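Here's a quick tour of a protein model for you to follow along with. Keep the structure open and look up each residue as it comes up.

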Amino acid sequence: MSVISPKQVPSRLAVVDAMNDSAREWTRDPATRRRLVLTSVVATVVLTSMLFTVGALHVADQRVASGWTMAGAVFVMLGWMLLTGCLNASVRGAADPLVAALPAGHDEWQQRLYDQTYRRCDWPMLILLSLAILVLSVGKLPVVPALGVFVSTFLLAIMAPLWTMASTLPDDRREPGLD
């Protein structure tokens, strides 16, 4: 796979080729995909817990502990990003709004799956985000915990369609030699 320079804008072909790469075929087994979803949910909970801890330690003026916790959060965030990439590759980029925004970024099946999944997740996530904003605006939370609540809710809203699609999609592996 070639490296794309920062000056080049990835074309539809480059994005689609990256998502259909046969090296990511191991992620397309439904059982593996569900394990990736579960691991991603756990990593998201750990990441948001660490961010809450950083805020609590910083408010308590324990800057050294806060710094070490933040370093750990950065390490967990790197793993979380890797898991998110694996999940996105497992659904061939069908859950990625950026791929959907490219001209002819999705084929008909991917677009139908994308629309169906986002319709399924839109209202629950909109209600959850609205409740979080309501709690933050009415509640008397300090700034750091309030920011933690919003970031946690925002991460959940972003990841819910990908988790839904990855956990409900049937087997999508291709036979060797058909690529």
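Cys86 has a relative accessibility of 17%, so it counts as buried, because the cut-off is under 20%. Keep in mind that this is a predicted model. Cys121 is buried too, with a relative accessible area of 9%.

**Cysteines**
- How many disulfides does a search of the whole structure find? The search turns up 0.
- In case the term is new, a disulfide is a covalent bond between the sulfur atoms of two cysteines.

**The largest nonpolar core**
- The largest nonpolar core is made of 22 residues.
- Those with the most contacts inside this core are Leu47, Trp80, Leu87, Val91, Leu162 and Met165.
- Take Leu162 as an example: setting aside residues up to four places away in sequence, it touches Thr84, Leu87, Asn88, Val91 and Ala95.

**Thr44, a residue in α2**
- You'll find Thr44 in helix α2.
- Is Thr44 buried or exposed? Thr44 has a relative accessible area of 6%, so it is buried, since anything under 20% gets that label.
- Which residues does Thr44 contact, leaving aside its neighbours within four places in sequence? They are Trp80, Leu155 and Trp163.
- Trp80 is also one of the residues with the most contacts inside the largest nonpolar core.

**The second largest pocket**
- This pocket holds about 150 Å³ of space.
- α3 and α6 are the elements that give two or more residues to its lining.
- The biggest share of the lining comes from α6, with 4 residues.
- The lining residues are Thr84, Asn88, Ala95, Asp96, Pro97, Tyr118, Ile158, Met159, Pro161 and Leu162.
- Sorted by type, the lining has 7 nonpolar residues, 2 polar ones and 1 charged one.
- Leu162 turns up again here as part of the pocket lining, and its contacts include Thr84, Asn88 and Ala95, which also line the pocket.

**Ala132 and Val149**
- Ala132 sits in helix α5, which covers residues 108-138.
- With a relative accessible area of 7%, Ala132 is buried.
- How many residues apart in sequence are Ala132 and Val149? They are 17 residues apart along the chain, and their C-alpha atoms are 7.1 Å apart in space.

Note on methods
Residues numbered from 1 in each chain as written. Predicted model: local features only at pLDDT ≥ 70, side-chain atom pairs only at ≥ 80, totals over all residues. Heavy atoms only, no water. Disulfide = S-S within 2.5 Å. Buried < 20%, exposed > 50% of the residue type's maximum accessible area, 1.4 Å probe, protein only. Core = buried A, V, L, I, M, F, W, Y, C linked by side-chain atoms within 4.5 Å. Contact = heavy atoms within 4.5 Å. 1 Å grid on protein atoms, 1.4 Å probe; cavity = no way out; pocket = protein on both sides within 12 Å on 5 of 7 lines; lining within 4 Å. Points joined across faces, edges and corners; volume = space filled by probe spheres on them. Nonpolar A, V, L, I, M, F, W, Y, C, P; charged D, E, K, R; others polar.
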